[in-house]
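Please read it alongside the structure.

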Amino acid sequence: MNMIKNNGAGMNAKRSALLQVAKEQIGYTEAPPGSNMTKFGAWFGLNGVPWCGIFVSWCYSQAGFPLPRIGFVKGFAGVQTAFEYFTNIKKFGTFTRNPKPGDIVLFKFGSRYDHTGLFVKDNKDGTFTTIEGNTGTGDDKNGGAVMERVRKYDYAVFIAINALT
């Protein structure tokens, strides 16, 4: 994938509200460790499962911009499902090569898209900053915490959600 650059340009009140919701969760961890039991899963109605997509759905909802039904009433749990949804249905969001703060990031660490988070900013060094749920320094895609992470563009695609414009 070609380098994508955005230094946080495009911030507006909606994007700021969304990222504020996400930032307030940094440091939250599932309990007990390794259980995938979270307040996000309880809200979603699907607790005890990998929750990165549930976290993204929760953030959008709490900020006042609920995602459409992407496999579930309250948004998405499966990252590959979200990839397929936005590939085929462009009514609520589209893939972008120019991400803005709050856009959804889908990561492909293996053979399929299997992790997600929220784009925060381009770091101007070939990396970008995110806020992600169910991540950790020892496990990128099932680490049990909400964290700010620095990622490479090589294995990411970005979805611009129309409600944020």
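Helix α4 (residues 79–88) lies across β1, β2, β3 and β6. Its direction is about 100° to that of β1. The model is a predicted one.

**Helix α4 and its cover**
- Five names make up the buried set of α4: Val 79, Gln 80, Ala 82, Tyr 85 and Phe 86.
- The cover over these buried residues of α4 includes strands β1, β2, β3 and β6.
- Helix α3 is also part of that cover.

**The sheet**
- The sheet is open and has 6 strands, paired antiparallel.
- Read across, the strand order is β1-β6-β2-β3-β4-β5.
- β1 (93–96) and β5 (145–152) are the edge strands, and each of them pairs on one side only.
- From one strand to the next, the twist averages 35°.

**Strand β3 and its neighbours**
- β3 is largely enclosed by the rest of the structure, because 7 of its 8 residues are buried.
- With β2, strand β3 forms an antiparallel pairing over 4 bridges.
- With β4 (residues 127–135), strand β3 (residues 115–122) also pairs in the antiparallel sense, over 4 bridges.
- Leu 118 in β3 is the bridge partner of Ile 104.
- Leu 118 also has a bridge partner in β4, namely Ile 131.
- Asp 122 stands opposite Phe 128 of β4.
- The hairpin of β3 and β4 has 4 residues between its strands.
- In that hairpin, Lys 124 adopts a positive phi near 65°.

**Helix α1 against helix α3**
- The axes of α1 (residues 13–23) and α3 (residues 52–62) come within 8 Å.
- Those axes cross at roughly 125°, which means α1 is oblique to α3.
- The α1 and α3 crossing is right-handed.
- On the α1 side, the contact residues are Leu 18, Val 21 and Ala 22.
- On the α3 side, they are Phe 55, Trp 58, Cys 59, Tyr 60 and Gln 62.
- By type, the residues of this contact divide into 7 nonpolar and 1 polar, with no charged residue.

**Phe 65 in the loop**
- Phe 65 sits in the loop between α3 and α4.
- Its relative accessibility is 15%, so Phe 65 counts as buried.
- Setting aside residues up to four places away in sequence, Phe 65 touches Lys 14, Tyr 60, Ala 163 and Leu 164.
- Among these, Ala 163 is 98 residues from Phe 65 along the chain, yet their C-alpha atoms are separated by 6.4 Å.
- Tyr 60, another of the residues touched by Phe 65, is also one of the α3 residues that meet α1.

**Points to look at in the viewer**
- Which residue of β4 is the bridge partner of Leu 118? That partner is Ile 131.
- Where does Phe 65 lie? Phe 65 is in the loop between α3 and α4.

Methods: Residues are numbered from 1 along each chain as its sequence is written. This is a predicted model: local features need pLDDT of at least 70, side-chain atom pairs count only at pLDDT 80 or more; totals for chains, interfaces and linings use all residues. Side-chain values use heavy atoms; hydrogens and water are left out. Axes are lines fitted to C-alpha atoms, for helices over the stretch in contact, and angles run from 0 to 180 degrees between N-to-C directions. Helices (H or I, at least four residues) and strands (E, at least two) are DSSP runs, numbered from the N terminus. Angles under 35 degrees count as roughly parallel, over 145 as roughly antiparallel, 65 to 115 as roughly perpendicular and the rest as oblique. A crossing is left-handed if the near helix is turned anticlockwise from the far one by less than a right angle, and right-handed if clockwise. Contact means heavy atoms within 4.5 Å. Ala, Val, Leu, Ile, Met, Phe, Trp, Tyr, Cys and Pro count as nonpolar, Asp, Glu, Lys and Arg as charged, and the others, Gly among them, as polar. Two strands pair if DSSP finds at least two bridges between them. Buried means under 20% relative accessible area, exposed over 50%, partly exposed in between (1.4 Å probe, protein chains only).
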